[in-house]
Amino acid sequence: MSVISDNFDDLGLAPDGTVDASRTYRLGIMGGTFDPIHIGHLACAEQARDAFGLDAVLFIPAGQPVFKKNQKVTCAADRLEMCRLACADNPAFDVSPIEIERGGDTYTIDTLHQLRDYYPENVELYFITGADAMLSIVSWRNSQGLSKLAHLIAATRPGFVMSDEYRRTLAEHGCFDVSYLEMTALSVSSSMLREWVGQGKSIRYLCPQGVWQYIQDRGLYRASGLGE
Ligand code: ATP
Ligand code: MG
C-alpha cells in the first residue's frame, strides 16, 4: 500500500518502477468533504474520466476544509471509509488519505504540490471540481500556482454560461486555462443527504448501497450524530 493511495499499484501508476516511462498517464484528482460521498460526486468523476481520457481518478477527502470551518463535519475516518466503500467496485477509482493525514487546514495547492512531487513527470494531474467550487478554490491562499501543477476541470450543469465576472476572477488568480465539463445535472448534495437522514428519510440510491449501509450502521447524520 502506498503512502498516497490505497491501490496505486493496481492502477499501474506506482512511481517505484511500475510506471511505464514511455507513455503519459492522466490522473484525475477529485477533492471534497464527501460528507457523505454521493452519486453526484461519482458521476462527475466518471464523466470526467471518460471525457478527458483519464487513466484513474483519486478521491481525496479533505481533512479540515477551510471554507467549512463554521460547520460541523463528520470525523475524517468515517468520511474516508465511505469513500473507500463507494470506490471499491471501480478499478479506475481510488481513495487517498493524504489530506487527512497531513492534518491542519486543507488547501488544494498543498495537495497538488504533494502529488506533483510524488509522481514522475509523465503522470499529468487533472484537478476536477464543480464550476462554483473552482472559484473559491482559486481564490484561496497561495493558489496562484494551481494551474501550473494540474489541468483544471470545472464541472458545470447543462446550460451553464460563464459570466464575465467568473472569467475575470479566474484570470485574476492566474487561471486562464480551465476546461469545462458539461455533466448530467444530478440534483443531490451531501447537505441534502445529511438533512434527509436527520429527518428519517431514505437516501437509498442517492449514494452507493455500501455507503448507505455504513451510515445506518454507524448512526451517522441522525439528529445528534456526526461521528466522534
Ligand atoms: P455539501 O452539500 O456539504 O456542500 P457537496 O455535495 O457539495 O456537499 P462536496 O464534498 O462539498 O459535496 O463537493 C465535492 C466536489 O463535488 C465539489 O467539487 C462539488 O462541486 C462536486 N459536487 C457536489 N455535488 C455534485 C453534484 N450533484 N454533481 C456534480 N458535482 C458535484
Ligand atoms: Mg458543496
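## Conventions

Helices (H or I, at least four residues) and strands (E, at least two) are DSSP runs, numbered from the N terminus. By this scheme, Ser5 lies in the segment before α1 (8-11).

The model is predicted, and local features need pLDDT of at least 70, side-chain atom pairs count only at pLDDT 80 or more, and totals for chains, interfaces and linings use all residues. Residues are numbered from 1 along each chain as its sequence is written, chains are lettered from A and ligands numbered from 1 in the order in which they are written, and side-chain values use heavy atoms, with hydrogens and water left out.

## The sheet

Six strands form an open sheet in the order β4-β2-β1-β6-β7-β8, and the pairing is parallel. Its edge strands are β4 and β8 (178-182), each of which pairs on one side only. Two strands count as paired if DSSP finds at least two bridges between them. On average, neighbouring strands of this sheet are turned by 30° against each other, with direction ignored; the axes behind such angles are lines fitted to C-alpha atoms, for helices over the stretch in contact, and angles run from 0 to 180 degrees between N-to-C directions. Strands of a sheet pair through backbone hydrogen bonds, either parallel or antiparallel.

Strand β2 has partners in both β1 and β4. Strand β1 (residues 25-32) runs parallel to β2 and is joined to it by six bridges; Gly31 has Ile60 of β2 as its bridge partner. The pairing of β2 with strand β4 (residues 93-95) is also parallel and takes three bridges, with Val57 opposite Phe93 in β4.

How many of the residues of strand β2 are buried? Six of the six residues of β2 (residues 56-61) are buried, so the strand is largely enclosed by the rest of the structure. Buried means under 20% relative accessible area, exposed over 50%, and partly exposed in between (1.4 Å probe, protein chains only). Both faces are covered: Ala56, Leu58 and Ile60 are buried on one side, and Val57, Phe59 and Pro61 on the other.

Ser5 is at 0% relative accessibility and therefore counts as buried. The C-alpha atoms of Ser5 and Phe59 are separated by 9.1 Å, although the two residues are 54 residues apart along the chain.

Together, β1, helix α2 (residues 39-52) and β2 make a right-handed β-α-β unit. A crossover is right-handed if, with the strands pointing away from the viewer, the path from the first strand over the helix to the second runs clockwise.

The loop between β1 and α2 holds Phe34 and also Pro36. Phe34 is not a glycine, yet its phi is positive, near 50°; at 2% relative accessibility, Phe34 counts as buried. The peptide bond from Asp35 to Pro36 is cis, with omega near 5°. Most residues other than glycine have a negative phi, and most peptide bonds are trans.

## Ligand 1

Around ligand 1 there are 19 residues, the closest being His41, Thr129, Leu186, Ser190 and Ser191. A residue is near a molecule or strand if one of its heavy atoms lies within 4 Å of it.

An oxygen atom of ligand 1 lies 3.0 Å from a backbone N or O atom of Phe34. For Leu186, a polar backbone atom is 2.8 Å from a nitrogen atom of the ligand. For Ser190, the distance from a backbone N or O atom to a ligand oxygen atom is 2.7 Å. Of the 600 Å² of accessible area that ligand 1 has on its own, the protein covers 80%. Accessible areas come from the Shrake-Rupley method with a 1.4 Å probe; for residues, only the protein chains shown count as cover.

## Other residues

Thr106 is in strand β5 (residues 105-106) and, at 5% relative accessibility, counts as buried. Its side chain reaches the backbone nitrogen of Gly63 at 2.9 Å. Gln64 belongs to strand β3 (residues 64-65) and is partly exposed, with a relative accessible area of 34%.

Tyr205 lies in the loop between α9 (190-198) and α10 (209-218). Its phi is positive, about 75°, although Tyr205 is not a glycine. Tyr205 is exposed, with a relative accessible area of 62%.

Technical notes: Polar contact = N/O pair within 3.5 Å; in protein donor to acceptor, adjacent residues only side chain to side chain.
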